[in-house]
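Good morning, colleagues. Please take a moment to look at the sequence and the model on the screen, and then I shall walk through them in order.

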Amino acid sequence: MKRIPGTRTRPSMKDVASSAGVSLGTVSNVLNNPEVVAAGTRERVERAIASLGFVRNDAARRLAAGRSDTVGFVVVDLGNSFFLDITRGIESGLDEHGKRLILANSDVDHAKQSAHLALFEEAQLAGMILAPLDGPLDDASAVRERGTPLVLVNWPGDDSSCGVVSDDEHGGYIAARHLIERGRTRLMFSGGPFSLRAIADRLRGARRAADEAGLELEVVETERITVRGGTALGDEIAARPPRRRPDGLVAASDALAAGAIHSLLVAGIRVPEDIAVIGHDNNHFAHDTAVPITSVAQPGLDMGLSAAALLIEEILAPEEHEHRTVTMQPTLVVRASSGA
């Protein structure tokens, strides 16, 4: 092989064997079964490894053995700390079984999600966990059909895979119920787009709470549940006459709530005295805003632990494994934005 001047070739096991004056088999034993190698020989090989800067190719080793100790997690949005909590749960659950985690962020992009799944499949990982975008899961289905175990998180399972979800309808319900119990009677739910499964479920729960109390629920759809979407929402509310403003706002995300609170405060509208606000996801920034945000907390860490456990179960006992969806309950974290 012709070498380009100024470049270095990666040292191989053959180079280590030559430097240490031993066979390839001895180098392999030092790397994989050091207890069978005489101490003097082992030390000589280890010195050669250190001096050459040899790094063994674990991926090739695992492929040769027909197994992997690595799991891939494709996550929709690492900008949302909820998914960071899920990631920590997955990693903790895998650690208990000696598995390692590779993380890929699709960044709310279908093409990137598909590319990450393809890359993980090519690497022949032990299994995958996917926190998907809303939409068809054809790529994930194809991965499963070709034999790679795959668990969905923040998405329900089906006949061919397990899933772990938080009860978003209950989350919307307890948020609206909290405002009603605080005496709020002009309620608004905002989020969007409503084609997103989680947002639609949260709206359904808020509407159920309002119906039980005999109250109207104003619904405002936003293009996205971002801070920018929230500031536009807050500006729209502030532009209304006081009698037409809600006195309680259920926002479908903490970012939306934070943006709305900022606009309301700038307009001289007090939070929570004039308008009480509740967000969703209990993002890490929720308690650091100008008015700490009451939020519906999803059990991200436990969801990750559950997803890892389901995947390990399928990897270790595929014949006995039964696909199912685990549903976990959110809780309300009360802060100043709702009058705490």
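Let me begin with a definition: accessible areas here come from the Shrake-Rupley method with a 1.4 Å probe, and for residues only the protein chains shown count as cover. On that basis the accessible surface of the protein comes to about 16,400 Å², and carbon and sulfur atoms hold 50% of this surface.

Two remarks on the source are in order. This is a predicted model, in which local features need pLDDT of at least 70 and side-chain atom pairs count only at pLDDT 80 or more, while totals for chains, interfaces and linings use all residues. Residues are numbered from 1 along each chain as its sequence is written, and side-chain values use heavy atoms, with hydrogens and water left out.

I turn to the overall form. The protein contains twelve helices and twelve strands; these are DSSP runs numbered from the N terminus, with helices being H or I of at least four residues and strands being E of at least two. Along its principal axes, the C-alpha trace spans about 90 × 50 × 35 Å. How does the radius of gyration stand beside that of a compact globule, and what is its value? For the protein it is 26 Å, whereas a compact globule of 340 residues would have a value near 20 Å. The radius is taken over C-alpha atoms, and the globule rule is 2.2 Å times the number of residues to the power 0.38.

As for the interior, 47% of the 340 residues count as buried. Buried means under 20% relative accessible area, exposed means over 50%, and partly exposed is in between, with a 1.4 Å probe and protein chains only. Among contacts with a separation of 6 or more, 71% are between residues 24 or more positions apart, a contact being heavy atoms within 4.5 Å.

One residue gives a sense of distance across the model. G40 is located in helix α3, which covers residues 39–52. With a relative accessible area of 44%, G40 is partly exposed. Between G40 and L305 there are 265 residues of separation in sequence, and 44 Å in space from C-alpha to C-alpha.

Next, the charges. There are 36 positive and 46 negative side chains, and the centres of the two sets lie 7 Å apart. Lys and Arg count as positive and Asp and Glu as negative, without His and the chain ends; each charge is placed at NZ of Lys, CZ of Arg, CG of Asp or CD of Glu.

Side chains of opposite charge can pair when their charged atoms come close. How many salt bridges does a search of the whole structure find? The search finds 17, where a salt bridge is a side-chain nitrogen of Lys or Arg within 4 Å of a carboxyl oxygen of Asp or Glu.

R177 is partly exposed at 27% relative accessibility, and E181 is exposed at 58%.

R204 counts as partly exposed because its relative accessibility is 42%, whereas D201 counts as buried at 17%. A network of salt bridges links E169, R197, D201, R204, R208 and E212.

Finally, some details of the backbone. P272 is in the loop between α11 (254–266) and β9 (276–280), and the bond from V271 to P272 is cis with omega near 10°.

The loop between β9 and β10 (294–297) holds D281, a residue other than glycine with a positive phi, near 105°. D281 is buried, at 7% relative accessibility. N282 lies in that loop between β9 and β10 as well, and its phi is also positive, near 50°.
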